[in-house]
Amino acid sequence: MQAWTPRTAGRPTATAEAGAMGGGPAALVVEGVSHRFGAVQALDKVSFRVERGAFCALLGLNGAGKTTLFSLITRLYDSTSGRITVAGFDARRQPGQALARLGVVFQSRALDGDLTLRQNLSYHAALHGIGGRAARDRIAEVLALVGLSDKTGARAATLSGGQQRRAEIARALLHRPQLLLLDEATAGLDVRARAEVLALVRGLIAERGVSTLWATHIFEELAAPDHVVVLHKGRVLADARAADLAGAGTLAQAFLDLTGGGA
Amino acid sequence: MTGWSIAFAGIARREFLRFTRQRERFLAALVRPLVWLFIFAAGFRAVLGLSITPPYKTYVLYEVYVTPGLCGMILLFSGMQSSLSMVYDRETGAMRSLLVSPFPRWFLLGSKLLAGVIVSALQVYAFLGIAWVWGVRPPWLGYVTVLPALVLAGVMLGSLGLLISSAIRQLENFAGVMNFVIFPMFFASSALYPLWRMREASPLLHDICAVNPFTHAVELIRFALYGQVEPLALAVTLGCIILFFGATVFMYDPAKGLWRGRTGGAA
């Protein structure tokens with residue numbers, strides 16, 4: 001069986017190509033994106049970009065708009081205004097192509113607890129048009145990558161929190177995306193599991209060049225060279241390297257200074 | 001296999017796996033109509049006379065009359081169960097996995113709907129098998145000709161369930177669906193009593209039953225079970241499918257419908 005090719009074998013849009021760095025379009029470009037829920041302005045002219053093979057942290061407190069932004073990137077709903085391109089494909093005009101290049105780990109656990117790990121991954125593969133031997137091979141490959149080969153036949157509900165997160169990362173990698181979105185992927189994990197998940201994601205970037213947008217509010221998860229976008233009350237307050245943001249102090253202090261103590 | 005058929009097969013396989021893992025759901029789906037067939041129908045047989053009306057060519061026992069209605073009942077409850085599972089999936093976040101697939105949303109919703117109908121049709125055949133043992137024996141060919149009717153009726157009721165799921169914000173609100181959708185649809189229909197009987201009792205009630213889409217779904221099944229097509233029932237069922245599914249796709253569209261007004265974590 002052949003892997004599914006997105007509808008209308010599209011080309012990246014001209015604007016995204018023009019803004020490309022490193023020989024191809026950026027993994028993600030968010031341009032002036034606003035979103036409103038009734039009277040609540042959830043996002044206000046948010047702009048930033050994630051380059052190919054880069055790790056970008058979206059840093060913000062609960063309610064900053066991180067999940068809303070993820071929902072817009074993944075087309076769960078449409079933005080009020082602005083533009084999002086994934087690997088050069090406009091998420092609104094070329095949703096199939098854009099979504100085919102996204103791997104997503106949502107904040108809430110999204111494995112089906114009644115099904116085995118293999119069945120969960122097989123379902124996800126099918127949702128990307130991958131079936132048969134290709135699916136089986138990729139499932140074996142990604143489970144080996146996240147260290148869960150021995151859990152293939154285990155029901156998802158029996159896995160620990162850390163294992164479930166790793167399984168969700170495996171699932172997100174199945175269709176070989178160019179951009180991995182992780183929305184507070186370490187939420188609810190103990191220190192050890194959190195470190196394992198973070199190490200896994202950083203390893204993927206180093207070994208496979210998978211671009212990553214990592215939403216978090218945990219400063220300790222970020223390293224000095226990381227690209228950090230500070231989101232607060234729906235607005236981007238800073239877009240710089242973690243080391244530059246922290247200056248002589250700590251990233252946490254810089255964040256509090258930027259956000260007025262987080263209020 | 002193309003990507004589209006792989007995706008559909010994957011969605012159908014998941015629905016089937018979930019169904020087989022939830023044996024109590026299968027039992028509940030069977031027990032409900034069987035209780036009606038064994039107890040309710042037995043009681044009504046004595047008091048409710050049925051004249052010869054199409055598709056029946058002779059007088060029929062009440063349990064024969066009520067069997068297509070009970071097939072419809074299975075599809076109705078199953079359709080609402082799908083709605084419940086969509087709301088649950090949305091609350092737990094599992095629905096995101098489905099909706100972030102690169103396939104168009106109408107295809108994903110349609111595949112989920114059709115997969116649910118296939119599972120429901122299996123339940124209906126299990127029920128018809130028990131009904132056969134109980135003495136309800138339509139012609140053998142009827143078991144084949146009823147299949148398209150079951151699919152159409154199931155798709156119509158499943159579409160309604162999906163449409164309702166798009167409007168329900170929380171699982172707790174689902175009890176209202178039972179009270180305001182399932183029970184009125186079932187009781188104000190031709191599932192339990194012929195429409196001419198309804199007219200004798202109350203012309204208004206007859207008119208309500210006559211416009212109830214579930215009535216037409218039941219009549220479509222009833223005629224198909226005897227190798228016949230009821231044109232009005234077919235037309236109404238097809239029209240309702242277009243209406244309900246179209247509205248569902250609108251409601252689940254990222255740029256339209258209620259989806260737009262939801263908060264960030266509600267999807």
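A residue is called buried if 20 or more other C-beta atoms lie within 10 Å of its own, exposed if 12 or fewer do, and partly exposed in between. Keep that cut-off in mind as you read, and remember that this is a predicted model.

**A buried valine in chain B**

- Let's start with B:Val155, which sits in helix 6 (residues 142-167) of chain B.
- B:Val155 has 25 other C-beta atoms within 10 Å, so this residue is buried.
- Setting aside neighbours within four places in sequence, B:Val155 is in contact with B:Leu113, B:Leu114, B:Val117 and B:Ile241.

**The nonpolar core**

- The largest nonpolar core has 156 residues, and those with the most contacts inside it include A:Ala170, A:Leu181, B:Ala153 and B:Ile221.
- Helix 3 (residues 62-92) of chain B gives this core its largest share, 14 residues.
- Not counting residues up to four places away in sequence, A:Ala170 touches A:Leu121, A:Val142, A:Leu143, A:Leu145, A:Val146 and A:Leu148.

**Strands that pair in chain A**

- Strand 1 (residues 28-37) of chain A pairs with strand 4 (residues 81-86) of chain A in the antiparallel sense, over five bridges.
- Within this pairing, A:Leu28 has A:Val86 in strand 4 as its bridge partner.
- Strand 4 of chain A also pairs in the antiparallel sense with strand 5 (residues 89-90) of chain A, over two bridges.
- Here A:Val86 turns up again, with A:Phe89 in strand 5 as its bridge partner.
- Strands 4 and 5 of chain A form a hairpin with two residues between them, and A:Ala87 in the turn has a positive phi of about 50°.

**Positive phi in two arginines**

- As background, most residues other than glycine have a negative phi.
- A:Arg75 has a positive phi near 65°, and this residue lies in the loop between helix 2 (66-73) and strand 4 of chain A.
- Is A:Arg75 buried or exposed? A:Arg75 counts as buried, because 23 C-beta neighbours lie inside 10 Å.
- A:Arg176 has a positive phi near 55°, and its place is in the loop between helix 6 (161-173) and strand 7 (179-183) of chain A.
- With 16 C-beta neighbours inside 10 Å, A:Arg176 counts as partly exposed.

Note on methods. Residues are numbered from 1 along each chain as its sequence is written. Chains are lettered from A and ligands numbered from 1 in the order in which they are written. This is a predicted model: local features need pLDDT of at least 70, side-chain atom pairs count only at pLDDT 80 or more; totals for chains, interfaces and linings use all residues. Two strands pair if DSSP finds at least two bridges between them. Helices (H or I, at least four residues) and strands (E, at least two) are DSSP runs, numbered from the N terminus. Two residues are in contact if their C-beta atoms, placed from the backbone, lie within 7 Å. A nonpolar core is a set of buried Ala, Val, Leu, Ile, Met, Phe, Trp, Tyr and Cys residues joined through C-beta atoms within 7 Å.
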